[in-house]
Amino acid sequence: MHETAELIDRMIADPRHGWSIGTFGAVGEFVRDEGEEADFTLDDGAATVVTRRGAIRIVPVQGLWPIAFDTLSSDGETWGQSVVFCLPAPVCLDQGGVRYLGKDREALRAEDRDAELFDMGVGRGLVHFCVRTRDVGLIAALHGLEGKNALGPEGGTAMREVLRAQPHRVMLSPAGRVEVYSPIPGPDGASPEGPHTHLLPNGVASGRTHAANAPIPEGWQPVLNLHPRSPWRDALGKRVPFDAELDAMFNQVLARFGLEQDLEIRQAVEKAVEAGVSPEKFVWPETRRGRAEARIALRRLARQDADGLAGWRQRYDRLPEEEDEAALQA
C-alpha cells in the first residue's frame, strides 16, 4: 500500500494528469489547468484537491491494485498511457435504480454538505453516479423515481429536471469521490474543458464496468482511473512534439505496476529487433492485447531508428488497432 499511496500522492500533485471515477457509459472526470487555483490537502492518507470547477478525494484503501498500461493510438505512430486502480468486483453489479442517500455530509466543500444526494442507479458494482441538489423541483422528481430506471421511459421527466436544475454530479467509489460543479452541456454540446461527466445510455446498457480493451483481469473492477498526460498530446488532445520526460516517467510506473505479460511481450520485441531477427520469423502475439503491446514496443523503438524498423512496422503496424485481426493473417 505504501507504493500505491506514493504513486497517488505524486500524480495528484501534478496538474498535468487527470483522474476519473466511473463505469462504462457513466463517468466523472477531474482535471485542472496548470496555474489554476486549487486547495490541496493530505490528511489520514487521503489526498483532496478542490477547484471552483470540481474536486477529487482519493483514499488508498486496503487491497487497491494499480494496473499501468500503454494504449495504442490508431494514427500509426503514437500511444497513450493509463493506470486503473482496482478492487475485487462484487458478485452482483446491478444497482437497482434511483436511490435517495440523504444529505451529502462527505461533500468536499463545507457549503455543499446540506444538499440532497441521489444515486442515479446508472453506475455498476462499486461505482455510483450521483447528483447533488437543493432544487425543490428536482428533489421531488427524483423521489418519484426511486427504485426505477433513470434512463428508462419512466425517467424522462426527472432527466429533464436534471438538465434544468444543473445539479452537481458526484462519482463515488471505495477509493474516493469526484465532484463536478461545471454545467451539464446540452445534448448537442461538446464536453466542456475542465471537470465534466459523461452519461451515455448505450454504454450503461452494456452492463460493463470498463472498456473491453482495458487489460483488467476477470473478477476485478476499476474504482479509480489515472490519465497521465500523453507524451504526444496536450491536455486538450492536440498533437505536440514528443515529450521524452513524460514517457520516461511513465516507463517507471510501468516497471512497477505494469502487467507481467505486457512486459514480457515488450522485452521479446526489443530483444528480437536488437538481435536482427527477421520480422517474418518473429512469433507475433495471439491476443489482441498482446498485439497492441507489441506494436507500441515497435513504435517506441522506431523513435530511435525509424529506417531500421521499417520492415517490422510494415508487417505488423500498418493498420489501425481495430483491423489487427486481419493484419495477423497477412
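These legends go with a set of views of one predicted model.

View 1. The protein holds 9 helices and 14 strands, taken as DSSP runs numbered from the N terminus (H or I, at least four residues, for helices; E, at least two, for strands). Along the principal axes, the C-alpha atoms fill a box of roughly 70 × 40 × 35 Å.

**View 2. Inside the protein.** Of the 330 residues, 50% are buried, meaning under 20% relative accessible area with a 1.4 Å probe, protein chains only. Looking at contacts (heavy atoms within 4.5 Å) with a separation of 6 or more, 65% come from residues 24 or more positions apart.

**View 3. Close-up on helix α2.** Helix α2 spans residues 136-144, and its buried residues are Leu138, Ile139, Ala141 and Leu142. Seen down the axis, they fall within an arc of 165 degrees, so they line one face of the helix; the arc is that of the directions from the helix axis to the C-beta atoms.

**View 4. What sits over that face.** The cover on the buried residues of α2 includes the strands β9 (116-119) and β10 (128-133), along with helix α3 (156-165).

**Notes.** Residues are numbered from 1 along each chain as its sequence is written, and side-chain values use heavy atoms, with hydrogens and water left out. Local features need pLDDT of at least 70 and side-chain atom pairs count only at pLDDT 80 or more, while totals for chains, interfaces and linings use all residues.
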